[in-house]
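Please look over the chain shown below. A short report on its fold and on two selected regions is given after it.

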Amino acid sequence: MKSNVPISFNGRYYERVGNTTREMKSEKLKSFLLKGINWDSIINKDAGFNEIDEETVRMFIRLARAKGRLTIFDENVDLKTLFEHLKLSVNGKLTNGAIILFGKDPQKYFLNAVLRVLRLKNEITSIGDRFIGGNLFKQVITGEEAIKNFINVKYEIKGLVRKEIWDYPLEAIREALLNALIHRDYFKWNVQTQIKIFDDYIWFYNIGGLPEGITLEQLERPHSSVPRNPLIVHIFYLAGFIEEMGSGTGRIIENMKKAELPEPEFREEMGGFSVYFRKDIYTEEYLKELGLNDRQIRAVIYVKKNGKITNKEYQELVNTTKRTATRDLKDLTVKKY
């Protein structure tokens, strides 16, 4: 009978793969043994309350009170009382979550629990590199500023109001950054959270794939929240950085659509989870440079907004014959537009 758990023999663990019995690899065994254990709730026996950054705690309380999500405490609360209430400490001992969220120097215990933001011209040529340490609140705030420094912004003036238009909507950037930091697998201590910014796209990456039971397809619609780090997620919810649980990816998609940018791409790869934001390089001027005629340019712009175009829609859009529409669309298909 096939067993759902690995079998131990002489200090080694084995599993059934097809019709064979194989020794379980160390990483897979580790994942199995840690299944059901939340990294952020593990007690850290070496850390003390003197290592907590009280200014970050006060900022958190201000934010949480303003959201109406933690009104029973004010900024003068005793740290031990607050942390016990939030389950960030147990019997006076700090959890990993307490340290990564509010520590003065979490990297003392978790060396690679840092955010790295790179600006690259290509895969090997870097023109900007930021290592961002500190607790997660500082990584979120400083990380967003680092990204903004590496992308472009233009200004649109309507009446007396000046509107900033970034390469990518800041709401989507903030959500993807938060997701990368709060959902990463902190058991995998030797991998940094990474954001790489290229001329035409941004790549957000965190180690650790999707939680069991959640698929890539489900991310594009409302789905249940299965947080890998529930204490971390709860603290950011109280502070107002997160709204409805399980809706983050939906907000990313919505904000990219509002900005008339390509939908974000979600992937499970390299032992982790990736989000890709792509810039809208297909402006009318750029399409002319590529040699597209006016009819084809209108079609590409239509597809950007509507996702697709049929032959009949093309005929009506540009007021042409079926024969011309077929020829134009075939040319666009060949050129992969």
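## Overall content

The model is predicted. The protein has twelve helices and 13 strands. Of its 337 residues, 42% count as buried.

Among contacts with a separation of 6 or more, 57% join residues 24 or more positions apart. The accessible surface of the protein is about 19,400 Å², and carbon and sulfur atoms make up 50% of that area.

## Helix α7 and its cover

Helix α7 spans residues 230-238. Its buried residues are L231, I232, V233, I235, F236 and L238.

The cover over these buried residues includes four helices: α2 (54-66), α4 (96-102), α5 (136-150) and α6 (170-182). After α7 comes G240, which has a positive phi, near 90°.

## Negative patch at helix α9

Which residues gather in a patch of negative charge on the surface? They are E284, E285, E289 and D294. Helix α9 (residues 284-289) supplies three residues, the largest share of this negative patch.

E284 lies in helix α9. Is E284 buried or partly exposed? E284 counts as partly exposed because its relative accessibility is 41%, and the partly exposed class runs between the buried limit of under 20% and the exposed limit of over 50%.

Technical notes: Residues are numbered from 1 along each chain as its sequence is written. This is a predicted model: local features need pLDDT of at least 70, side-chain atom pairs count only at pLDDT 80 or more; totals for chains, interfaces and linings use all residues. Side-chain values use heavy atoms; hydrogens and water are left out. Helices (H or I, at least four residues) and strands (E, at least two) are DSSP runs, numbered from the N terminus. Buried means under 20% relative accessible area, exposed over 50%, partly exposed in between (1.4 Å probe, protein chains only). Contact means heavy atoms within 4.5 Å. Accessible areas come from the Shrake-Rupley method with a 1.4 Å probe; for residues, only the protein chains shown count as cover. Patches are made of residues with over 30% relative accessible area and no salt bridge: like charges are joined within 9 Å, nonpolar side chains (Val, Leu, Ile, Met, Phe, Trp, Tyr) within 5 Å. A salt bridge is a side-chain nitrogen of Lys or Arg within 4 Å of a carboxyl oxygen of Asp or Glu. Lys and Arg count as positive and Asp and Glu as negative; His and the chain ends are not counted. The place of a charge is taken as NZ of Lys, CZ of Arg, CG of Asp or CD of Glu.
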